[in-house]
Every structure is written in structure tokens, then in C-alpha cells.
Amino acid sequence: MSVLIFVDHIDGHIKKASHEALSYGAKIAEQTGTTAEAVILGTVNDDLEKLGEHGVKKVYQVQNEQLQQFDSQVYTKVIAQVAQQSGAKVIIFSNNSSGKALAPRVAVRLKAGLAAGVNALPDTSNGFTVRKTVFSGKAFAQVAIDTEIKVLSLNVNAFTIITGEGKAEVIPFDAIVESPKLKTIDSTKTSGKVSLTEADVVVSAGRGLKGPENWGMVEELADTLGAALACSRPVADAHWRPHNEHVGQTGIAIAPNLYVAVGISGAIQHLAGVNRSKVIVVINKDPEAPFFKAADYGVVGDAFEIVPKLTSAIKKLKGQS
Amino acid sequence: MKILVCISKTPDTTAKIAFTDNNTKFAEAGVQWIINPYDEWYSLVRAIELKEKDPSTIINLVTVGGADAEPIIRKALALGGDEAIRINAEPLESYQVASLIAEIARNGNYDLVLTGKETIDYNGGAVGGLLAEVLDLPYIANATNLQVNGSTATVKREIEGGEETIECPFPLVLSCQKGMAEARIPNMRGIMAARTKPLKVVDPSPVQTLTKFSEFQLPPAKQGVKLVSPDNVDELVRLLHEEARAI
């Protein structure tokens with residue numbers, strides 16, 4: 001019996017979201033008296049033994065040229081083989097770009113019930129129930145899973161990475177791998193240095209900035225904070241900023257540690273995409289902006305004065321000036 | 001080409017979220033219902049755009065729901081699409097919904113099955129992937145662009161901090177998100193035409209449910225905003241650092 005965690009990687013490195021999933025899976029194993037094991041498809045530059053620091057005992061590594069192409073149909077069959085070998089009763093994915101394609105498929109393949117977008121440890125005292133986000137962050141639901149095998153996908157930034165002592169045993173796993181039907185012909189980096197969905201800090205701006213030419217100051221604030229940039233829907237619709245920066249109900253939903261909103265009034269649809277942020281700071285010249293009701297900290301005033309001051313105050317704190 | 005577009009009925013984006021029956025049910029009283037925005041703006045509109053380019057394209061819509069889902073599916077037909085199928089069952093969870101749709105998809109020999117990236121109520125984002133595995137078809141989640149070149153689809157999808165362009169032969173399943181198409185509103189001609197488009201009601205075959213929503217909770221209320229003077233931004237930084245420990 002085991003809790004099996006899928007380890008996702010990009011550019012030779014394990015994704016931060018997978019470190020969260022590993023920590024989460026190891027906690028479930030501890031809670032249910034089983035062992036945590038991981039599965040990785042392909043090769044990375046990171047030391048896989050070090051995944052033991054999250055509490056994982058074994059890492060099954062499947063190396064095959066066909067796996068260089070991400071194809072959920074092919075990956076699913078490989079993960080299912082490993083799950084069988086490992087005797088997995090709970091299988092964990094991150095609810096990220098790969099996990100969204102894999103978790104449902106693996107669930108069907110293993111006749112397992114799926115809870116997608118979970119954000120807390122399961123309650124295993126009587127059956128198996130786990131909390132997930134519903135209504136775009138406006139509520140939570142407890143999902144009871146009735147099947148013998150359970151598949152969970154963990155929301156990004158919903159579980160703190162736990163790092164302790166330990167070394168995992170890396171086991172090469174010889175799987176049957178089909179040839180992929182998908183073929184990636186191009187891959188580009190769209191946003192800046194920090195991925196929006198994985199970012200700890202997000203700086204976002206809206207119509208209050210008056211035009212795309214005024215984004216320099218929010219970019220500088222984001223750089224200072226090591227933050228990803230985001231924007232509101234009107235800004236993306238007016239093509240001031242690219243669509244992939246639009247956060248909100250119909251854009252990207254994020255859950256950073258800190259969300260700084262500049263010149264965004266906070267329509268309910270925008271809140272639905274950001275309300276899982278742990279700390280929200282709102283800068284707006286309109287004291288009646290609805291966003292202040294959802295914020296932890298607020299500054300009522302002119303963004304063009306406040307943002308540069310905020311940037312230099314943070315630089316001072318970080319000892320950069 | 002034959003396209004199946006999956007449509008869900010969801011509460012309006014501004015609907016008040018509350019629960020009844022000991023917090024086990026969504027409180028539907030007074031709620032306005034809409035087509036799930038991801039199903040409407042992205043998958044359905046993209047399918048319509050493809051039909052505009054190639055009028056031989058056939059678009060069928062499918063929904064799982066009771067008679068109360070008919071206004072929603074009619075509204076979808078007003079935007080476009082040739083005919084709709086309503087599977088007469090209360091949608092309970094994603095596996096049940098996917099199993100019911102899979103039967104329609106299998107019998108219809110579709111080249112392309114489109115879903116929204118998730119519904120805005122239960123946020124599972126799972127139906128596309130579940131369907132793909134039940135049908136043993138390729139699947140691309142969170143697609144932002146779709147081009148058709150003969151027997152191959154060229155799809156863009158968002159990944160962490162970037163974007164990939166992928167080629168895949170038909171048939172395939174896609175879940176669609178922003179970027180795929182621009183939102184439209186139905187015109188009078190579409191609304192009139194939708195009244196006479198075929199809407200087939202089929203009885204569900206018995207399928208399993210594997211999960212159950214046992215209880216709902218509202219998040220704890222916010223403490224209230226702490227306002228800082230615009231002349232004292234240093235204080236905001238101090239609070240973020242010392243109190244919130246966010247920087």
C-alpha cells in the first residue's frame with residue numbers, strides 16, 4: 001500500500017508545485033500509516049534522492065525516449081503501471097497544467113474516484129473526505145470518495161512545502177510505453193521570469209493605470225518583489241496586456257501568498273480569480289472600490305504616487321538601495 | 001468535420017453563493033442560470049468559427065440535465081450549432097457526467113469533442129480528461145488556440161510560465177480557455193432559428209458515481225481592511241513584513 005505522487009518537471013527541474021504535492025502526499029501517508037512513493041517520467045538535473053526530504057521513501061523513474069513528448073494518453077498508461085507496482089491507494093497530482101490532463105485520465109484507468117482542486121489534508125477517520133475549492137473560490141466543499149483507489153489533484157500554492165531529513169531510494173522502472181500521438185512543435189516563454197500560477201507574489205494592475213504606457217512602474221514593483229505580473233479583464237480585452245496575464249473568473253485563477261492590486265476596482269468576477277490569495281493589498285483612489293472589502297491592507301490614493309514609493313520602501317527593506 | 005460541444009448550466013457569475021439542507025445543497029432560489037462561460041465563449045464559439053470557415057462542419061451540443069437545462073441549451077443553439085442532445089439526468093459529479101457524454105460521443109463518431117476548461121461552480125475541470133480516457137482519445141487541457149489543417153489539429157496550450165504549440169491527429173478531446181475565441185452574443189436571427197433546431201432528449205443509461213459532495217462551507221469572513229495613509233507607505237511595508245509576513 002502506498003500514496004503515490006506524480007513528479008512534474010520542466011527544463012530539467014522539478015516544479016515547485018510538485019514539491020508541494022510530495023509534501024502533501026507524504027503527510028497523507030503518515031496519517032494513514034502507509035508509505036509515500038513518487039513517480040517521475042523522464043530525466044531531471046535535480047537529485048531525486050533528495051525527494052526523501054519531503055518524506056518520500058521511493059522514487060520510481062521511468063526513462064524512455066517516447067516520454068520526452070508530454071502526451072496524457074501515453075503518460076496515463078505508464079503511471080497506471082507504476083501505481084499497480086507500488087500498490088497505490090491514493091495518487092496525488094498537482095492541479096497544474098500537466099495534472100489537469102493526467103489526474104482525470106489516471107482516475108478512469110484505475111476506476112478511482114477523483115477530487116480535483118483539493119486544498120487540505122483528507123479526513124480519513126471515517127471513510128475518505130477531502131476539502132476542495134468550489135464556486136471559483138467563493139466556497140469549499142467536502143468531497144467523499146467511495147472507491148478503493150483515490151486520485152487527488154492539489155491546488156497550486158495550497159500546501160506548504162515540508163523539508164526535513166531523508167533520502168529516497170531511486171528505482172528505475174521498466175514500463176511499456178506507447179508512441180505519442182501528440183507532437184510539440186514549438187514552446188515559448190510568455191510571461192516574465194516568474195510563472196503566474198506558481199508565483200508566491202503577484203502584482204496586478206487594472207484600468208486605473210490609464211494606458212499600457214504606464215506599466216513600467218508596476219513592472220518595477222513586481223521585479224522588486226520577485227513577483228509575477230497580472231492584470232484585470234478590461235486591460236486584457238483592451239489589449240493593453242496579453243490575455244495570459246488576465247486573472248479572474250474567466251481568466252487564470254491564482255492563489256499566491258501576496259496579491260497586490262493596483263487600480264482595480266474588484267468586480268465580483270475579478271475576486272473569484274484571486275480570492276484564494278493569502279494576503280491582499282489594494283491600492284485605489286476610490287475609497288468605495290468594492291475590492292477594499294476583500295482586502296487585508298489598503299491604500300486610498302493615487303497609484304502613480306504610491307507605487308513608486310512602495311517600490312523604494314521595499315527596496316530599502318530588502319537592502320537594495 | 002463533426003464536432004461535439006459539451007454544455008453545462010451554471011449559476012451566473014454574480015450569483016449569491018449560499019447553501020441549504022444542512023449545507024449539503026447549493027441554494028438555487030432566485031439564482032440566474034447561464035451557459036458555463038468556458039463552454040460558451042471558448043469551446044462553442046470556436047466551433048462556430050470553424051463552421052463559418054467550412055460550412056460542411058456539423059456541430060452538435062450535448063448537456064446532462066433535467067428539463068430546467070433546456071433554456072440554457074436553446075441559448076447555446078441561438079449562438080450556433082446544428083442540433084442539441086439533452087441527457088435527461090441530474091448531473092451529480094464529473095465521472096457520471098463524463099460517462100453519460102462518452103456514450104453520445106462514441107455513437108456520434110465525432111472528430112473533435114470540446115469542453116470548457118472547468119465549470120465555474122464545481123471547478124473540477126475533469127470532464128474533458130475523463131471523457132478522453134473513457135474514449136481512449138488524445139486530450140489537451142487548457143487549450144488557448146485551435147487551428148484545423150486537414151486531418152491534423154494544431155493546438156496551443158498554456159503551461160507554467162509559457163505556451164506550447166502541439167500537433168495532434170483527429171479525433172481528439174480539448175478543454176478550452178481564454179484565447180480560444182472572442183465572446184459573442186446571440187443575434188435575433190440566431191434566437192429565432194434556435195426555436196426550430198432539433199433538441200433530442202435521451203434517457204441516461206445507468207452509470208456509477210464515484211464521489212459525492214457531502215458538505216459545503218463558506219470561507220471565514222475577512223477581518224476587514226487595514227487602511228494605511230498614502231503618505232506613509234513605509235508603514236504598509238512594515239505591516240506586510242512584520243504582521244502579515246508576506247514579504
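Predicted model: local features only at pLDDT ≥ 70, side-chain atom pairs only at ≥ 80, totals over all residues.
Two strands count as paired here if DSSP finds at least two bridges between them, and strands themselves (E, at least two residues) are, like helices (H or I, at least four), DSSP runs numbered from the N terminus. With that in hand, look at A:Tyr297, which stands opposite B:Lys226 in E15(B).

Residues are numbered from 1 along each chain as written, chains are lettered from A in the order written, and side-chain values use heavy atoms, with hydrogens and water left out.

Now zoom out to the whole interface. Taking contact as heavy atoms within 4.5 Å, 84 residues of chain A touch 77 residues of chain B. Together the chains bury about 7000 Å², with carbon and sulfur atoms giving 58% of that; buried area is the accessible area (1.4 Å probe) lost on putting the two parts together, summed over both. A:Tyr297 turns up again here: with A:Arg105 and A:Phe135, it supplies 11% of the area that chain A buries against chain B, more than any other three residues.

What about charges? The rule finds 6 salt bridges across the interface, each a side-chain nitrogen of Lys or Arg within 4 Å of a carboxyl oxygen of Asp or Glu. One of them links B:Asp234 to A:Lys316, with the closest N and O atoms 3.6 Å apart.
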